[in-house]
Amino acid sequence: MSVKKLIKVITQFYQKLYEDEEGSKELENRVEEEDVPGIMESEVEGIVESLKMEKAPGIDKITNEMIKYGGEPLIKKLTEIYNEALYTRKSPRDWKMSEI
């Protein structure tokens, strides 16, 4: 799978996590960005670099290898997603799910 396609697949997955039944994003209870410092790309990059390889994927079927090979474009997108969760005070439902 090419990096471009990988980024597209992962981006689409995470975008769907934020959609409600009608396809619109929930923005109520939004925190003002100046009240809470955002998550920086360098922080996400550090976490991505520390991911262990050859681990089983979660319910999303996204492996650590896929995340690592996504490179800078994926780090930018993940940073946006994490900041959206931070500022809206809403995490996607799927983040709370796991396979046993």
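Visitor: What makes a set of residues a nonpolar core?

Guide: A nonpolar core is a set of buried Ala, Val, Leu, Ile, Met, Phe, Trp, Tyr and Cys residues joined through side-chain atoms within 4.5 Å, where buried means under 20% relative accessible area, exposed over 50% and partly exposed in between, with a 1.4 Å probe and protein chains only. This is a predicted model, in which local features need pLDDT of at least 70 and side-chain atom pairs count only at pLDDT 80 or more, while totals for chains, interfaces and linings use all residues. Residues are numbered from 1 along each chain as its sequence is written, and side-chain values use heavy atoms, leaving out hydrogens and water.

Visitor: Which residues of the largest nonpolar core touch the most other members?

Guide: Of its 13 residues, these are Ile10, Tyr14, Ile62, Ile67, Leu74 and Leu78. Helix 1 (3-17), helix 2 (41-50), helix 3 (64-69) and helix 4 (71-88) each supply at least two residues of this core, helices being DSSP runs (H or I, at least four residues) numbered from the N terminus.

Visitor: How do you know what span is expected of helix 4?

Guide: The expected span is 1.5 Å times one less than the number of residues; helix 4 has 18 residues and reaches 26 Å from its first C-alpha to its last, so the span is close to the 26 Å expected.

Visitor: Which residues of helix 4 are called buried?

Guide: Among them are Leu74, Ile75, Leu78 and Thr79, and the helix is followed by arginine 89, whose phi is positive, near 60°.
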